[in-house]
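Hi everyone, thanks for coming.

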Amino acid sequence: MVVNININNIAKPLKFSKIFDSLYYVPIEIPKNIPEIAEIYKIKVFDKKIGILDDFNAALHIVDYSGNLINAFYADGSEGKGTFQDLEDFEILGDTLFLYQRSTQVIHKYNIYSKIYYGNLPVNLLLIELNFFQDKFFVYADEDRFGLSDQRSNKLQIFNKSFDHLIYSSIPYVPGRDEFDTPQRFYKYADRIYFSDIFNDTIYSFKGDDILAEYVINWGSYHIPKQLLFTNDQETIAGKFFEQKYRGFKHFLMATEDWLSFWYRQGLDQNFFFYDKNSEKEFNISSFVDDKNGGTLPFPMTFDFKNDLFISVIPKEYIEYEQKEFDVKSNLGDVFSEENLNYLLFYQIKN
């Protein structure tokens, strides 16, 4: 059964306590010789290890749930074996880190603790996303170098773990809606991986050999007209999108068997959508009102389903702007420090 969700109502502020039970702040400890986290592009959870990809610094910080830095991988201007100049995505499997460098189209492999370099996997594809799930690489490509009859021109592709055999390929390259920067269309949950097909506004799940369409998102009157998308004029499409405040470009996808959530754009605004399958309640959210501590809270960026926690990263500047350190209703007053520029924020979902 496909759940058809019509998001035609106006996004509004929502009290934090409508969805979440509690929140907890943890300072992220970054040594002085390591670049600080500047601009979060992607964030993923691996067995109580959190990987934070900083697009601005071409850096990956791996921290634990206590905020301690496990290791950092970043471009330092050097060249040679195991170095890189840019990063697009990453995965962690056990003690092995997979870092995808878009400019050279290779996946570098390292030990996450010792930083020993294990070599690389040639990909020869322009990828936007990389996910390792059930012994396969699920990738989202951004290719128009090949003809439409070539499977490498498809957006969604699945490879074996050696990246030398294409198992599945679908969704042809089509200019338009999915040209926008929309990180994290994949989300892994237990025995399945979810994938958001932006062009068709459908969220699929892959479980074993089954591919299921689980959700269809209907933007109602805010939907981008198809005739606009098929003009293949990116400047016009982008201009009209922001001018008319159309909706679309789902990212930071999070999903379980019980609920679905994601960020989406409406013009220049970022909104957050949450759908509870059991109660069939929909929350279309423009901001989280922090009724526990006052002010607002950032939207969650990922979910740890094993520990039932939403996770985000909140900069010190945001905390100071909201004056949250002066409120005693959370643990923030005990952990806030001028030395720490970023904090993990854990949200416990309501039962």
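First, some ground rules. What we have here is a predicted model, where local features need pLDDT of at least 70 and side-chain atom pairs count only at pLDDT 80 or more, while totals for chains, interfaces and linings use all residues. Residues are numbered from 1 along each chain as its sequence is written, and side-chain values use heavy atoms, with hydrogens and water left out.

Okay, find strand β9, which covers residues 96-101. When I say strand, I mean a DSSP run of E with at least two residues, numbered from the N terminus. How many of the six residues in β9 are buried? Six of the six. Buried means under 20% relative accessible area, exposed is over 50%, and partly exposed is in between, using a 1.4 Å probe and protein chains only. In a regular strand, side chains alternate between the two faces of the sheet. In β9, T96, F98 and Y100 are on one side and L97, L99 and Q101 on the other, and both faces are covered.

Who are the partners of β9? Strands count as paired if DSSP finds at least two bridges between them. β8 and β9 run antiparallel and are joined by five bridges, with E91 standing opposite F98. Their hairpin has two residues between the strands, and G94 there takes a positive phi near 65°. Then β9 also pairs with strand β10, residues 106-111, in the antiparallel sense over six bridges. Here Q101 stands opposite V106. This second hairpin has four residues between the strands, and Q105 has a positive phi near 55°.

Keep F98 in mind, since rings are up next. There are 39 aromatic pairs in the structure. The rule is that rings of Phe, Tyr and Trp (its six-membered ring) pair if their centres lie within 6.5 Å; planes under 30 degrees apart are stacked, over 60 edge-to-face, and the rest tilted. F98 and F137 make an edge-to-face pair, with 5.6 Å centre to centre and 80° between the planes. F98 sits in β9 and F137 in strand β13 (residues 136-141), so this pair ties together parts that are 39 residues apart in sequence. F98 and F137 are both buried.

Another pair is F252 with W263, and that one is tilted: 4.7 Å centre to centre, 55° between the planes. F252 belongs to strand β20 (residues 247-255) and W263 to strand β21 (residues 259-266), so the parts being tied together are eleven residues apart in sequence. F252 is buried at 5% relative accessible area, and W263 counts as buried too, at 12%.

Rings can also have a charge over them. That needs NZ of Lys or CZ of Arg within 6 Å of the ring centre and within 35 degrees of the ring normal. K44 lies over the face of F90, 5.0 Å from the ring centre. R247 has its charged end over the ring of Y222, 3.9 Å from the centre.

Back to β13 for a moment. It belongs to an open sheet of four strands, in the order β12-β13-β14-β15, with antiparallel pairing. Which strands are at the edges? They are β12 (127-133) and β15 (166-172), each pairing on one side only. β14, residues 154-160, is joined to β15 by five bridges, and I158 stands opposite Y168 in β15.

Now the largest pocket, at about 620 Å³. The search uses a 1 Å grid over the protein atoms alone: a pocket is an open set of points where a 1.4 Å probe fits, with protein on both sides within 12 Å along at least five of seven lines, and lining residues have an atom within 4 Å of a point. Grid points are joined across faces, edges and corners, and the volume is the space filled by probe spheres set on the points. There are 30 lining residues, and V45, F46, D47, K188 and F305 lie nearest the centre. Strands supplying at least two lining residues each include β4, β8 and β20.

Last stop, two loop residues. Q184 isn't a glycine, yet its phi is positive, about 60°. It lies in the loop between β15 and β16 and is buried at 7% relative accessibility. D201 has a positive phi near 50°, lies in the loop between β17 and β18, and is buried at 3%.

That's my tour, thanks!
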